[in-house]
Amino acid sequence: MFEGPIQDLIDELARLPGIGPKGAQRIAFHILTADKADVERLSDSLRHVAENVRFCERCFNISESETCRICRDPRRDQTAICVVEESKDVMAIERTNEFRGLYHVLGGAISPIDNVGPGDLHIRELVIRLGDGTVTEVILATDPNLEGEATATYLSRLILPMGVTVSRLASGLPVGGDLEYADEVTLGRAFQGRRTLGDPAGARG
């Protein structure tokens, strides 16, 4: 245990996701030995995020204003909404340049073991967005794990009776991956999304 501000810094860093006590200690000592200007830039960035970044009141993506740049963009397809778990998923999809519609960030996934139910997510707000009939397709892009699958199933059952088309992002085995290391959800989705490779010999005339 260290004394004073350095221990306080280590304790705060250790509270961050993915950073254990040893990692927190390494980061703290890096900050301690860094140039003062670098530390001040880091401090200013943290302060700016805390004071100016919020969540879009429409889709719950991160934003510096009441609505995010995607929701404000009139060029986006207003008839399609892609539902994701976190804001980082929006950025991942945007990098593909394959989707030009809108987004809805749930803020997590249904996980009974973590005491996260439908009421803890932005599902009610999604249903409200679908109420005016503008949206004709909802694309469920929750993670391909047990929690993501449970969330997608719940949402599809909720949305389909509203007359909106519901689709799910295809997923399967990554290129270069080994079957023995694939989890059951990924392997199952790979089988469901399989495609034929040409015509069988007997089908050719």
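Colleague: Before we begin, what should I know about the model and the numbering?

Modeller: This is a predicted model, in which local features need pLDDT of at least 70 and side-chain atom pairs count only at pLDDT 80 or more, while totals for chains, interfaces and linings use all residues. Residues are numbered from 1 along each chain as its sequence is written, and side-chain values use heavy atoms, with hydrogens and water left out.

Colleague: How many helices and strands does the protein chain have?

Modeller: Helices (H or I, at least four residues) and strands (E, at least two) are DSSP runs, numbered from the N terminus. The protein chain has eight helices and six strands, and from the N terminus on the elements run α-α-α-β-β-α-β-α-β-α-β-α-β-α.

Colleague: What share of the residues of the protein chain count as buried?

Modeller: Buried means under 20% relative accessible area, exposed over 50%, and partly exposed in between, with a 1.4 Å probe and protein chains only. Of the 205 residues of the protein chain, 30% count as buried.

Colleague: How many salt bridges does the count come to?

Modeller: A salt bridge is a side-chain nitrogen of Lys or Arg within 4 Å of a carboxyl oxygen of Asp or Glu, and by this rule the count comes to eight. One of them joins the side chains of Arg-41 and Asp-38, at 2.1 Å from N to O. Both residues belong to helix 3 (residues 36–52), where, being three residues apart, they are separated by about one helical turn. Asp-38 itself is partly exposed, with a relative accessible area of 33%.

Colleague: Which parts of the chain does the salt bridge of Arg-76 and Glu-94 tie together?

Modeller: The side chains of Arg-76 and Glu-94 meet in a salt bridge of 2.9 Å, N to O. Arg-76 lies in the loop between helix 4 (69–72) and strand 3 (77–84), and Glu-94 lies in helix 5 (residues 87–94), so the pair ties together parts that are 18 residues apart in sequence. Arg-76 is buried at a relative accessible area of 4%, and Glu-94 is buried as well, at 15%.

Colleague: Is Arg-124, which forms a salt bridge with Glu-125, buried or exposed?

Modeller: Arg-124 is exposed, with a relative accessible area of 59%, whereas Glu-125 is partly exposed, at 22%. The closest N and O atoms of this pair are 3.9 Å apart.

Colleague: How do I read the packing of two helices?

Modeller: Two packed helices are described by the angle between their axes and the distance between the axes. Here axes are lines fitted to C-alpha atoms, for helices over the stretch in contact, and angles run from 0 to 180 degrees between N-to-C directions. The axes of helix 6 (residues 123–130) and helix 7 (residues 146–159) come within 12 Å and cross at roughly 35°. Their crossing is right-handed; a crossing has that hand if the near helix is turned clockwise from the far one by less than a right angle, and is left-handed if anticlockwise.

Colleague: Which residues of helix 6 and helix 7 meet?

Modeller: Ile-123, Leu-126, Val-127 and Leu-130 in helix 6 meet Tyr-154, Leu-155, Leu-158 and Ile-159 in helix 7. The residues of this contact divide into eight nonpolar, no polar and no charged, where Ala, Val, Leu, Ile, Met, Phe, Trp, Tyr, Cys and Pro count as nonpolar, Asp, Glu, Lys and Arg as charged, and the others, Gly among them, as polar.

Colleague: How many disulfides does a search of the whole structure find?

Modeller: A disulfide is a covalent bond between the sulfur atoms of two cysteines. The cut-off used here is a pair of cysteine sulfur atoms within 2.5 Å, and a search of the whole structure finds zero. The sulfur of Cys-59 is 3.6 Å from the closest cysteine sulfur, in Cys-68, which is too far for a bond. Cys-71 is in no disulfide either, the nearest cysteine sulfur, that of Cys-59, being 3.6 Å away. Cys-59 counts as buried, at 2% relative accessibility, and Cys-71 is buried at 11%.

Colleague: Where are Phe-60 and Asn-115 found?

Modeller: Phe-60 is in the loop between strand 1 (54–55) and strand 2 (62–63), and its phi is near 70°, a positive value in a residue other than glycine. Asn-115 is in the loop between strand 4 (101–105) and helix 6, and has a positive phi of about 60° although it is not a glycine. Phe-60 is buried, with a relative accessible area of 15%, whereas Asn-115 counts as exposed, at 67%.

Methods
Contact means heavy atoms within 4.5 Å.
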